[in-house]
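My entries follow the order in which I checked them.

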There are 2 protein chains.
Amino acid sequence: MSNTRRKAIKSLSPAMLSKVAERFKALAEPTRLSLLQALQGGETAVGELVERTGLSLANASKQLQQLHAAGFVSRRKDGLFVYYALADDDVMQLCDLVCGRVRRDVKAEERAILSQGL
Amino acid sequence: MSNTRRKAIKSLSPAMLSKVAERFKALAEPTRLSLLQALQGGETAVGELVERTGLSLANASKQLQQLHAAGFVSRRKDGLFVYYALADDDVMQLCDLVCGRVRRDVKAEERAILSQGL
DNA sequence: CAACTATTCTTCTGTATGGTTGATTATTTG
DNA sequence: CAAATAATCAACCATACAGAAGAATAGTTG
């Protein structure tokens, strides 16, 4: 029996899979997520992001570059400052989806612990 | 577009950010994505997944465990076989979002190359 | 039980990368 | 020009992890 029923979702080429994985990888680090979070207020300079996140300047800069390479944030230089911003709202859609999962799981875990303590 | 109040991640705790990052990390590897892709046909045993993906048995098993730990796939043992399945359709929503981005970017790149050759 | 099969576990190696530190490049200002 | 500020770059270290190979486990069948 072979896979006769092909769904609307077509199989991606290995090259595509790599690119997709790369994008996910950019979101797979708490520090980068916190930067994205800090960017929700709108376009922000690196220094300000450092204050909001508590990251070191060098590290923040490095992680922002990765987010930029992955296409999740835009970059604009103006004078001494470099301003980053969320590239579009795909990012937040992604996070919302995952956050939903996490919240559900956390709640389930809490329930499990509670029922244990009875 | 009206200025619909976008429900954003409001200051997730570091612990939450870690959990979210972990979920993304599970999707940040081509091999795991290919396993998810192979699971689109429905519940499938490990051996069959190995055939579809070309992964080694040990590796496939390992990666499936990670996907399971992240809650993206379900696991059911029946006799000698272990059957995995997509846990829900969140996974595919996530992938579709990212695939959309990747496709757009690839096309943009193609255009860039074409316009260079003028 | 013993032989067999599907899966998982264990151990190992190479590589990728997060974060730090210090130097370096832009840009403005005196 | 030199000093000050914002950000990036470069080198480094420690850790994490994908993937391979072989041993071990669990369920099946005679």
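**Entry 1: two helices in chain B**

I began with helix 3 of chain B and helix 4 of chain B, whose crossing is right-handed. (A crossing is right-handed if the near helix is turned clockwise from the far one by less than a right angle, and left-handed if anticlockwise.) Helices here are DSSP runs of H or I with at least four residues, strands are runs of E with at least two, and both are numbered from the N terminus.

I noted the ground rules next. This is a predicted model, in which local features need pLDDT of at least 70 and side-chain atom pairs count only at pLDDT 80 or more, while totals for chains, interfaces and linings use all residues. Residues are numbered from 1 along each chain as its sequence is written, and chains are lettered from A and ligands numbered from 1 in the order in which they are written.

Then I looked up the angle. Helix 3 of chain B and helix 4 of chain B pack at about 110 degrees, with axes 10 Å apart. (Axes are lines fitted to C-alpha atoms, for helices over the stretch in contact, and angles run from 0 to 180 degrees between N-to-C directions.) The two helices are therefore roughly perpendicular to each other. (That label covers 65 to 115 degrees; under 35 is roughly parallel, over 145 roughly antiparallel, and the rest oblique.)

Which residues of helix 3 of chain B meet helix 4 of chain B? I found B:Val46, B:Leu49, B:Val50 and B:Thr53. Their partners in helix 4 of chain B are B:Leu57, B:Ala60, B:Ser61 and B:Leu64. (Contact means C-beta atoms, placed from the backbone, within 7 Å.) I sorted this contact by class and got six nonpolar, two polar and no charged residues. (Ala, Val, Leu, Ile, Met, Phe, Trp, Tyr, Cys and Pro count as nonpolar, Asp, Glu, Lys and Arg as charged, and the others, Gly among them, as polar.)

**Entry 2: the helix pair in chain A**

I turned to chain A. The axes of helix 3 of chain A and helix 4 of chain A come within 10 Å and cross at roughly 110 degrees. These helices are therefore roughly perpendicular to each other. On helix 3 of chain A, the contact uses A:Val46, A:Leu49, A:Val50 and A:Thr53. Helix 4 of chain A brings A:Leu57, A:Ala60, A:Ser61 and A:Leu64.

**Entry 3: strands**

I traced the sheet in chain B. It is open, with three strands in the order 1-3-2 and antiparallel pairing. Strand 1 (44-45) and strand 2 (73-78) of chain B stand at the edges with a single partner strand each, so one side of each has no neighbour in the sheet. (Strands pair if DSSP finds at least two bridges between them.) Strand 2 of chain B and strand 3 of chain B share six bridges. B:Asp78 has B:Phe81 as its bridge partner.

In chain A, six bridges join strand 2 (residues 73-78) to strand 3, and the two run antiparallel. I found A:Asp78 opposite A:Phe81 and A:Ser74 opposite A:Ala85. This hairpin has two residues between its strands, and A:Gly79 takes a positive phi near 65 degrees. Two bridges join strand 1 (residues 44-45) of chain A to strand 3 of chain A. A:Thr44 is partnered there by A:Tyr84.

**Entry 4: chain A against chain B**

How many residues does each chain give to the contact? I read 36 from chain A and 36 from chain B. On the chain A side, helix 1 (14-26), helix 2 (30-38) and helix 5 (90-116) each give two or more. Helix 5 of chain A has the largest share, 11 residues.

**Entry 5: the DNA**

I checked DNA strand C. Of the 22 residues around it, A:Ala58, B:Ala45, B:Val46, B:Gly47 and B:Ser61 come nearest. (Near means a C-beta atom, placed from the backbone, within 6 Å.) This surface has 10 nonpolar, nine polar and three charged residues.

How values were computed: Two residues are in contact if their C-beta atoms, placed from the backbone, lie within 7 Å.
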